[in-house]
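Hi everyone, thanks for having me. Let me put the model on the screen, and then we'll walk through it together.

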Amino acid sequence: MPQSSSGTIPLRKFGRADAKVSALGFGGHHLGEAPDAKTAIEMIHQAVDGGITFYDNCWEYRRGKTEVWMGAGLKGRRDKVFLMTKTCPHGRDGSLALQMLEESLHRYQTDHLDLWQVHGMGFDNDPELFIRKDGAAEALERAKKDGKVRFVGFTGHKNPKVHLAMLNTGFPFDAVQMPLNAFDATFTRSFERDVLPELTKRGIAVLGMKPLSGHGDAIKRGVITAEESLRYAMSLPGVTTTITGIDSLNVLHQNLQIAQNFTPMTESEMNALRDRCKPDAADGRYEVYKLSLRFDNPEARLAHGFPLDTQQSEVKDMLGAQENTGHPWPEKQF
Amino acid sequence: MISKFEWNRRSFIKGAAVLGAAPLLPGGSMAQQQSDPSQQIPEGQVPKKPLGHTGVQVSAMGLGGYHLGSAETDQAAMEIVAKAFDHGVTFFDNAWEYHDGLSEERVGKALKGKRDQAFVMTKVCTHGRDKKIAMRMLEESLRRLQTDHLDLWQVHEVVYENDPDLIFAPNGVAEALVAAKQQGKVRFIGFTGHKDPEIHLRMLSHDFPFDTVQMPLNCCDATFRSFETQVLPEATRRGIAALGMKSLGGSGELVRHGAVAPGEGLRYAMSLPVATTISGVDTMQVLDQNLKVAVNFEPLAAAEMQALRNQCRFLASDGRLELFKMTTKYDGKVGREQHHFPTTEELPI
């Protein structure tokens, strides 16, 4: 595997805004899978050098670890990148969202974000709770006015109808994030079919995620290759960036190679891939994020009164935090 | 709002009399149970209701088959069935896949000698597979249920988005339903599912001659991804009998989280325009609670029902108490296998 010590990835216009971002984005959640801070920092350094400018993250990932590691990796490189994180009120007050913003800025060691998004809009009542008085909509407005964030948006992986309801609140979003992959394309709950055209029409930046449909099970079972998956997602007309999880230098190098040599798939190539994936797309077997709580963090579940799942990494982190190590200082800081 | 302790007059008087007669023994749970008026089942029977346009009448409450398989012993299950039967329950629910056949075996044994007075249902669990497998399952179900025919045979757990396509594909399970009816092995046919009203509507749009359709109906469903408002009127319009289930959320979620009292929740479901409300029973205590509501049942008034919908509206609004719609928690093992979904252990919710 060649070391992509420096390279370029196509840059794309960020919706109607005066900004450009790399066509491939660095997903923050998987950064938490790196064995240690040193490796994570090295991954960020190589990603920046390799041409990735878009950095995704979230207040509730791994109890802050991924923001801290990303912030450490971007030290001295902050101005070269387009830095995003998400806030996690999950229907609770905007004041809570703003507290989370301060924590994220502190963990990132920066004074502003390029993009701040409301995380995980997936429950049917989320749009109503977002736009209500004292809700998160007011926090987005406030943070933008105060110059702490340049752009604002929302994310979700569950239901295109909830995304459309968020858009119909009338709030002026700059960006919207959603799953886009070859399985989503033909499933009854398709973001590509139902939400993507609406965003393009409104001039809102389209942030694709889950190009490998979450855990990459379809790749493990040989239905599709990683390269096909990523190229498909990046080739969708109107998509601004495709955020993909990167948990090791190896995966980073693979992704950089695809993105640096990126040529869009033709329409007929894309159709052929949709057709191939269609039988497996029909029941959502590779998109369990739409049909279960697997990808819903504990913060979201608790705010909405849903049960926790002890197998989830964030829940394991929560439980781990109760251990009394007997050391006044952590042996390793993250 | 309806009080949890609103009983009909007869049961109140009877209960009060027992309370007066029994010595108060603090700490003696049996004695307390006996003296508690809420434990008294009124005299009378569970009323009968028409099963759609079939001309057949079934009891307004049905005994859920899954939980009979969870009862501690065969004996306990026999006693539950016998007591339910004595109080007028004639509708017995089941499925080929419940407890690997144990639920069907228990009902078969318990209904010995009473088969002709009961309305026996079970479900076929092809989950997308073909007619031949369906017919094999039917023979297995008949053997376990110790009968030569079913009163109702339903396609189980239509919950995956492509299930309607698979069911109506050439050589699919829909053809098995027709064949079994023609052969006289089943009197009526239907389908069940707990996930999404849109999937149910897609099933109905095939204009297939279903006699019944089973669906979750409870006071949270009334205002959230609602079978009550989307599917129930369509079934009624088509003359298809509606069978309600999950009146308390599947595992009593509606009660445990304070949305409704158990009696209220059950009464709400039974007051809807349904043929029966299927309720799971794994202990005698649960059966008694159900019978208290079902014996001499009279529907709630429209205003009382609206009050319950309003009471539940907040907890209903994100689906937190209807996990069967929102998560994989209630999706069975065989369906997951056939649809290549992770197992219950891998993906509990």
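Here's a question to start: what percentage of the 349 residues of chain B count as buried? The answer is 52%. Keep in mind that this is a predicted model.

Let's stay with chain B for a moment. Its secondary structure comes to 17 helices and ten strands. Now take the contacts in chain B with a separation of 6 or more: 76% of those are between residues 24 or more positions apart.

So what do the strands do? In chain B, eight strands close into a barrel, in the order 3-4-5-6-7-8-9-10, and the pairing is parallel. A quick reminder for anyone new to this: strands of a sheet pair through backbone hydrogen bonds, either parallel or antiparallel. For one example, look at strand 8, residues 212–216 of chain B, and strand 9, residues 241–245 of chain B: they run parallel and are joined by five bridges. If you want to find one of those on screen, B:Pro216 has B:Met245 in strand 9 of chain B as its bridge partner.

Over to chain A. Here, too, eight strands close into a barrel in the order 3-4-5-6-7-8-9-10, with parallel pairing. Strand 6 of chain A (residues 113–118) and strand 7 of chain A (residues 149–155) pair in the parallel sense over five bridges. In strand 7 of chain A, A:Phe154 is the bridge partner of A:Val118.

Next, please zoom in on helix 10 of chain A. Seven of its ten residues are buried, so helix 10 of chain A is largely enclosed by the rest of the structure. Which ones are buried? They are A:Glu228, A:Ser229, A:Leu230, A:Arg231, A:Tyr232, A:Ala233 and A:Met234. And what do they pack against? Among the elements of chain A they meet are strand 3 (24–27), strand 9 (205–209), strand 10 (241–245) and helix 12 (267–281).

Helix 11 of chain A is another of those partners. Helix 10 (residues 226–235) and helix 11 (residues 249–260) of chain A pack at an angle of about 50°, with their axes 11 Å apart. That angle makes helix 10 of chain A oblique to helix 11 of chain A. On the helix 10 side of chain A, the contact is made by A:Ala226, A:Glu227, A:Leu230 and A:Arg231, and on the helix 11 side by A:Gln254, A:Asn255 and A:Ile258. By class, that contact has three nonpolar, two polar and two charged residues.

Chain B has a helix pair to look at as well. The axes of helix 13 (residues 262–271) and helix 14 (residues 284–294) of chain B come within 10 Å and cross at roughly 50°. That makes helix 13 of chain B oblique to helix 14 of chain B, and their crossing is right-handed.

Last stop: where the chains touch. 19 residues of chain A are in contact with 17 residues of chain B. On the chain A side, that's eight nonpolar, six polar and five charged residues. Okay, that's my tour!

Terms used:
Residues are numbered from 1 along each chain as its sequence is written. Chains are lettered from A and ligands numbered from 1 in the order in which they are written. This is a predicted model: local features need pLDDT of at least 70, side-chain atom pairs count only at pLDDT 80 or more; totals for chains, interfaces and linings use all residues. Axes are lines fitted to C-alpha atoms, for helices over the stretch in contact, and angles run from 0 to 180 degrees between N-to-C directions. Helices (H or I, at least four residues) and strands (E, at least two) are DSSP runs, numbered from the N terminus. Angles under 35 degrees count as roughly parallel, over 145 as roughly antiparallel, 65 to 115 as roughly perpendicular and the rest as oblique. A crossing is left-handed if the near helix is turned anticlockwise from the far one by less than a right angle, and right-handed if clockwise. Two residues are in contact if their C-beta atoms, placed from the backbone, lie within 7 Å. Ala, Val, Leu, Ile, Met, Phe, Trp, Tyr, Cys and Pro count as nonpolar, Asp, Glu, Lys and Arg as charged, and the others, Gly among them, as polar. Two strands pair if DSSP finds at least two bridges between them. A residue is buried if 20 or more other C-beta atoms lie within 10 Å of its own, exposed if 12 or fewer, and partly exposed in between; C-beta atoms are placed from the backbone.
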